[in-house]
Structure formats: structure tokens, C-alpha cells
Amino acid sequence: MIDTQSMLDELCLDATDETTQLITDLLSQSENIIRDSVDKTKPIASYEQDPIFIRAAKTLCTQLYYDRTLTGGMSIGLQMMINHLKGEVGADGYKPNSTV
């Protein structure tokens, strides 16, 4: 899982118990949403080395922090990152930095 403290720092948030728990939950949800959008058969750990996956999860976490219901949907940039990750999925599943 992406480090909660790095997300708190990125959002310039104080590490109170409530905020830390909220960001931890939002990060977990974001990682699962991104993984499920790309290839849900692979464990999260197989994605965590990919910088695009990390940025996509942090982007979604940020969007969920400021708008829990994603009123306007996912941003175009986030959709682009998900499509990039989908492009790395070959016939036999997700391969980080694939040439597929």
C-alpha cells in the first residue's frame, strides 16, 4: 500500500488520528478501484512498483478527499492514467513496464 504519510504530506494535512485513518481508507479504496479498473485478477502488490499506478491512486485519493461522491466523475487525467495501465495488460495479465 502507498505510504499514508506521503499522501498526508502531498495534501499538506496534519497527521491527526482522524485524518490519518481517513487517508489510509481513501488510499486503500483508490488502489482497489484502480486495480479493478485495470486487471482485478492481480494482487495490489504487483502494481505497487509502477509509478503510473501510484500516481493514479494518489490522484483518486485526492479527488475522493475533496469530493467523496466524485460529483463530476473521475478527472480526465485519472482516466488517462487508467487507460495507460490498461495498455500494459497483455493476454496473460498485467505486466508493469510492458511493451505490449
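Which residue forms a salt bridge with Glu10, with the closest N and O atoms 3.4 Å apart? I started my notebook with that one, keeping in mind that this is a predicted model.

**Entry 1: Glu10.** I found that the partner is Lys58. The pair links distant parts of the chain, since Lys58 is in helix α3 and Glu10 in helix α1, 48 residues apart. I then looked up Arg55, which also forms a salt bridge with Glu10, the closest N and O atoms being 2.8 Å apart. Arg55 lies in helix α3 and Glu10 in helix α1, so this pair ties together parts that are 45 residues apart in sequence.

Entry 2: I checked accessibility next. Lys58 has 11% relative accessibility, so I put it down as buried, the cut-off being under 20%. Glu10 is partly exposed at 35%, and Arg55 is partly exposed too, at 36%.

**Entry 3: the other bridge.** I counted 3 salt bridges in the structure. Another of them pairs Arg35 with Asp36, the closest N and O atoms being 3.0 Å apart. Arg35 is buried at 17% relative accessibility, while Asp36 is partly exposed at 41%. Shared partners join Glu10, Arg55 and Lys58 into one network.

**Entry 4: the core.** I turned to the largest nonpolar core, which has 22 residues. Among those with the most contacts inside it are Met7, Leu27 and Phe53. Helices α1, α2, α3 and α4 each supply at least two residues of this core, and α3 gives the most, with 6.

**Entry 5: Phe53.** I listed what Phe53 touches, leaving out residues up to four places away in sequence: Glu31, Ile34, Arg35, Ile44, Tyr47, Glu48 and Leu85. Arg35 I already had from its salt bridge with Asp36.

Note on methods
Residues are numbered from 1 along each chain as its sequence is written. This is a predicted model: local features need pLDDT of at least 70, side-chain atom pairs count only at pLDDT 80 or more; totals for chains, interfaces and linings use all residues. Side-chain values use heavy atoms; hydrogens and water are left out. A nonpolar core is a set of buried Ala, Val, Leu, Ile, Met, Phe, Trp, Tyr and Cys residues joined through side-chain atoms within 4.5 Å. Buried means under 20% relative accessible area, exposed over 50%, partly exposed in between (1.4 Å probe, protein chains only). Helices (H or I, at least four residues) and strands (E, at least two) are DSSP runs, numbered from the N terminus. Contact means heavy atoms within 4.5 Å. A salt bridge is a side-chain nitrogen of Lys or Arg within 4 Å of a carboxyl oxygen of Asp or Glu.
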